[in-house]
Structure formats: C-alpha cells, structure tokens
Amino acid sequence: MFAAVQSVQAAFVDTYWGVRALGMGGAYTAVGNDANAPLYNISGIAFANQQEVTLMGSRLFAGVDGVEISANYFGYIYPISPEWGAISFAWSSTAVPGLRREDTFNVGYARTLNDILRIDSDFVELSAGVNAKYLMQETKFDEEDKDLESSKGAMTADIGFMALFSNGIGIGYSSKYLVPADIGYLEKDEVKNVNVLGLSYYNDMLPYVKIPYFTIAADILFRDNETTLKLGAESYLLNRKLAIRLGGREEAFDFGFGYSFEFSNNTVLTADYAFEMPLKIKESYGSHFISLSFKF
C-alpha cells in the first residue's frame, strides 16, 4: 500500500495545493485569480486588485497504516498597478517525514494585455504571465547508498494565458516545466512538461436553478502521452461570505467550503477547508486541507 501512495507522489506530478482549487477538483486554470494561481495558471494574478497572502497545511491519505504525507503551501500576490501588472511569490512542499521531500519555489509576473492589443475590455479581458521555478527534492537513502548526494535541484519555468469574456466564459492555458529540469541522482530524470487547457463559466445567478455566484470549470491536462480531466463547481451564499465547492477526477472526489470575514479598509480574512477521497486507495479515509487567506 505504501508503494501505491508513493506512486501518487511521483516527482512533481500532482498538485496538492490551494484549498479553493482542491475543493473544485483542481479545475482552476480558467478560474484562479488569487494567491493559489501561481501553481495553476500564473496569468491569473493579473486580475488581483489587492495584496493577498495564503497559508495551507494538510494531511494526505489519512488512515493508511505506516503512511504520513503532508503538503504545505504559501502564496503571496502584490498587484503593482493596472499598467504594470502583478508579481507573486509562492512555495509548495510535499513531504514523507524521514524519507522524501519535494519543494517548489516560484517567482511570477503577469499583466493584462488589453491595452497592448487594443482590445475592448468590455468584451474580453486578456492576461499573460511567466513563472520562474526552482525544484528541489531531498531523499534519505539506505545505508548502502549513504554516500549519494541527498538533494538535487533544477530551474524551470511556466507560462500562462487567460481570457475572461463578458458573457461569463473563461478560457485558460498553462504550460508548466517548459525548461527541462533534471532532478535525477544517478541518471537523468527530467520533470515532464505539462500542458493544461481550462474552461469555465460564471454567472451571478445561474438561470432556472437560481444558484448564486456560480462557477463551473473543467481542466484537461496533457502530460507524457496521458490525459486527465478535472471538473469542479463553486457557489457563494450569504452575500458571498460562504463558499460551497465540489469537484473530482478519475482518481478522486473532492468537496470543500470556505467562509470570509470582512473588516474595515476592505480587508478580508478567509478560512477554507477541502476534503479529497481517493478512489484507488481503499484503505484511506481521505485527505484534509485547510488554509487561511488574507486580502489587504
């Protein structure tokens, strides 16, 4: 069973960060405009109009004997100005204590493109961004391999684009690990390029069923001849204070919720929780994620 869980954690493959995104099954490429965006689609930070910081902690695959895996995330967005765009800093880490750890350090930049392309923002808002990334993995080797270097790092980069149409349709594209990143210890082990196409639809009040502030999204992920479909939905209730989320993919089912506390000077504190039930690891009773985000 430990081997099965480890396969889920193959080098820099899965994204277990961003509680809002996880509650939507990871379908976030055409949605994210917050401090979770750097690891999904860096171009989304161009639409942030406030500084934001988020902190996340988690416990993965709870209930599996002998397995303790955690994922942690820190993200920060600083909007410079509408003309100059926004910058971001992010760190994500997945660890099996005493055995293996993966860390990703991100520095990103994005801006809107309407002024450059002379496109009316009343029809569509366009953005583009780039993310410089440093990947590092650490492994505790057995006694017979103790002379091996215990850590290995490499630089790479992401690019992203997003189009948000006035009718509520969103299109996002992200290409991750564009530059080959060799993290192998004894032989070449390059992190594979990942391309993601995202689609979303937002409406303040979904017609007929009257669901308020509703978003539905889908991501199609292409990596090393494999295709993954992720689906998600989100709605805000109680004057946009309470968020309800559902999502999933072939390997897991997700749901989540969040609540926002508004203070003076337009500052907002949001607490989010997400639960993921893996469908291929029967002994687990789920992964749990919690975060605090502050806009100011």
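The model is predicted, and a search of the whole structure finds 12 salt bridges. Five residues, Arg20, Asp34, Glu234, Arg245 and Asp272, are joined in a network of such bridges.

**Salt bridges**

- Asp34 pairs with Arg20, with the closest N and O atoms 3.4 Å apart; Asp34 sits in the loop between α2 (19-23) and β1 (52-59), while Arg20 belongs to helix α2, 14 residues apart.
- Arg20 also forms a salt bridge with Glu234, where the closest N and O atoms are 2.8 Å apart, and because Arg20 lies in helix α2 and Glu234 in strand β12 (residues 226-237), this pair ties together parts that are 214 residues apart in sequence.
- Arg20 counts as buried at 12% relative accessibility, and Glu234 counts as buried at 2%.
- Lys133 and Asp158 meet through their side chains in a salt bridge of 3.1 Å, N to O, which links strand β5 (residues 124-139) to strand β6 (residues 151-165); both Lys133 and Asp158 are buried.

**Largest pocket**

- The largest pocket holds about 1,200 Å³ of space, and of its 49 lining residues the closest to the centre are Arg20, Asn33, Tyr236, Arg240 and Lys295.
- Its lining comprises 19 nonpolar, 18 polar and 12 charged residues, with the largest share, four residues, coming from strand β14 (residues 252-262).

**Thr270**

- Thr270, in strand β15 (residues 268-278), counts as buried at 15% relative accessibility.
- The side chain of Thr270 makes a polar contact with that of Ser260 at 2.9 Å, and, leaving aside residues up to four places away in sequence, Thr270 touches Tyr259, Ser260, Ser291, Leu292 and Ser293.

Key:
Residues are numbered from 1 along each chain as its sequence is written. This is a predicted model: local features need pLDDT of at least 70, side-chain atom pairs count only at pLDDT 80 or more; totals for chains, interfaces and linings use all residues. Side-chain values use heavy atoms; hydrogens and water are left out. Helices (H or I, at least four residues) and strands (E, at least two) are DSSP runs, numbered from the N terminus. Buried means under 20% relative accessible area, exposed over 50%, partly exposed in between (1.4 Å probe, protein chains only). A polar contact is a pair of N or O atoms within 3.5 Å; within protein, one must be able to donate a hydrogen and the other to accept it, and residues adjacent in sequence count only if both atoms are side-chain atoms. Contact means heavy atoms within 4.5 Å. On a 1 Å grid over the protein atoms alone, a cavity is a set of points where a 1.4 Å probe fits but cannot get out, and a pocket is an open set with protein on both sides within 12 Å along at least five of seven lines; lining residues have an atom within 4 Å of a point. Grid points are joined across faces, edges and corners, and a volume is the space filled by probe spheres set on the points. Ala, Val, Leu, Ile, Met, Phe, Trp, Tyr, Cys and Pro count as nonpolar, Asp, Glu, Lys and Arg as charged, and the others, Gly among them, as polar. A salt bridge is a side-chain nitrogen of Lys or Arg within 4 Å of a carboxyl oxygen of Asp or Glu.
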